[in-house]
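Please review the salt bridges of the structure shown below. The briefing is arranged by chain.

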Amino acid sequence: MDPVIVETVQEALDRFQNKEVYIHLETTNGAYASHKDEAFFSSGAYIRNAKVVYERAKITGNGPFRTGLKIPFGWVYAEGITHFEIDSKERLLLAGHDFQGKLAVALEISETPFE
Amino acid sequence: MEKERHVLVVFPHPDDESFGVSGTIASHVNMGTPVTYACLTLGEMGRNMGNPPFATRETLPAIRTHELKEAVRVIGISDLRMLGYRDKTVEFEDPDKLTKQISEMIDELNPSLIISFYPGYSVHPDHEATGEAVVRAVGMLPEAKRPKLECIAFSNNTIEELGQPDIVHDISAVADTKLDAIRAHRSQTELMVAEMAVKLKEKDPQTLAWLNIERFWTYKF
Ligand SMILES: [Zn+2]
């Protein structure tokens, strides 16, 4: 993955506009967080292969970045995005890595379901 | 360490077999004992991607499969079975299905020893669900026919509630194999291994104990 280049990511987001796409959205602080620090509240969520059509999308901020996809009755949102990749399957992979380099958030968009 | 007929190892994540148990497994291998490792998931939801990141959420499964096969080769495990569950979802699957899969492996392999996680004391929900399924499968056998079940436990309440481990192996003779197995899981361990190497060079007693001593609790039915 490479550090976010806003223009490149924005172009990729725009390519999926008004198309049926599959979303992987994830946030996590790891299953061991509360084990290592009992005062730490561990939480996380993911949704894999949710099918949506968005009418607009934007990546913004000074880095780490925020991304919002406007869907017919709501939004898809991710913050803390640091890296991106357009992979060999033309999927847009956005990820936020924390100060130790660990994945903290991911938002991925594809025209075909993720495996 | 007693010579076993066959050892069955059941863990949910690639790298579970390398931390805390690979010395013991390698010692069994060196005695000529066949070892089967059933690994439930591919650790698809791991958070370590390399720093700078060389893995993505989508490439991680293939990378970790490759790393797992390399670790298994290093340890000398002859029979690797990847059961095809998905990381972080084991506890949501039909418990009978997983129990049945483990029962079938016990029938097929007739192990004298099974190694897994101690339910209630293994922190990650996948570890707990795996340990529970193993306990159910072994518990269904008549007492006289049960293989030994030796478990890893590392939750913060382990010693308080389970007491000291009843099985302690000094694996320093195969410590290099263990380090190579841990290293094989590069995407997950690269940073940690670098820190560890420094401490080992300084002969830090805590790190040496962490590496050389493997501890198990015999499951009490
Ligand atoms: Zn694990």
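This is a predicted model: local features need pLDDT of at least 70, side-chain atom pairs count only at pLDDT 80 or more; totals for chains, interfaces and linings use all residues.

Residues are numbered from 1 along each chain as its sequence is written, chains are lettered from A in the order in which they are written, and side-chain values use heavy atoms, with hydrogens and water left out. Over all chains, 19 salt bridges are counted (a side-chain nitrogen of Lys or Arg within 4 Å of a carboxyl oxygen of Asp or Glu).

**Chain A**

- Lys51(A) and Glu20(A) form a salt bridge, with an N to O distance of 3.7 Å.
- This pair joins strand β3 (residues 44–53), which holds Lys51(A), to strand β2 (residues 20–28), which holds Glu20(A), across 31 residues; strands are DSSP runs of E of at least two residues, and helices are runs of H or I of at least four, numbered from the N terminus.
- A network of salt bridges links Asp87(A), Lys89(A), Arg91(A) and Glu115(A).

**Chain B**

- Asp15(B) and Arg64(B) form a salt bridge, their closest N and O atoms being 3.3 Å apart.
- Asp15(B) lies in the loop between β1 (7–11) and α1 (22–30), and Arg64(B) lies in helix α2 (residues 60–75), 49 residues apart.
- Both Asp15(B) and Arg64(B) are buried (under 20% relative accessible area, with a 1.4 Å probe and protein chains only).
- Lys178(B) and Glu214(B) form a salt bridge at 2.8 Å, N to O.
- Because Lys178(B) lies in helix α6 (residues 175–184) and Glu214(B) in strand β7 (residues 213–218), the pair ties together parts 36 residues apart in sequence.
- Lys178(B) is buried at a relative accessible area of 1%, and Glu214(B) is buried at 1% relative accessibility.

Notes:
Buried means under 20% relative accessible area, exposed over 50%, partly exposed in between (1.4 Å probe, protein chains only).
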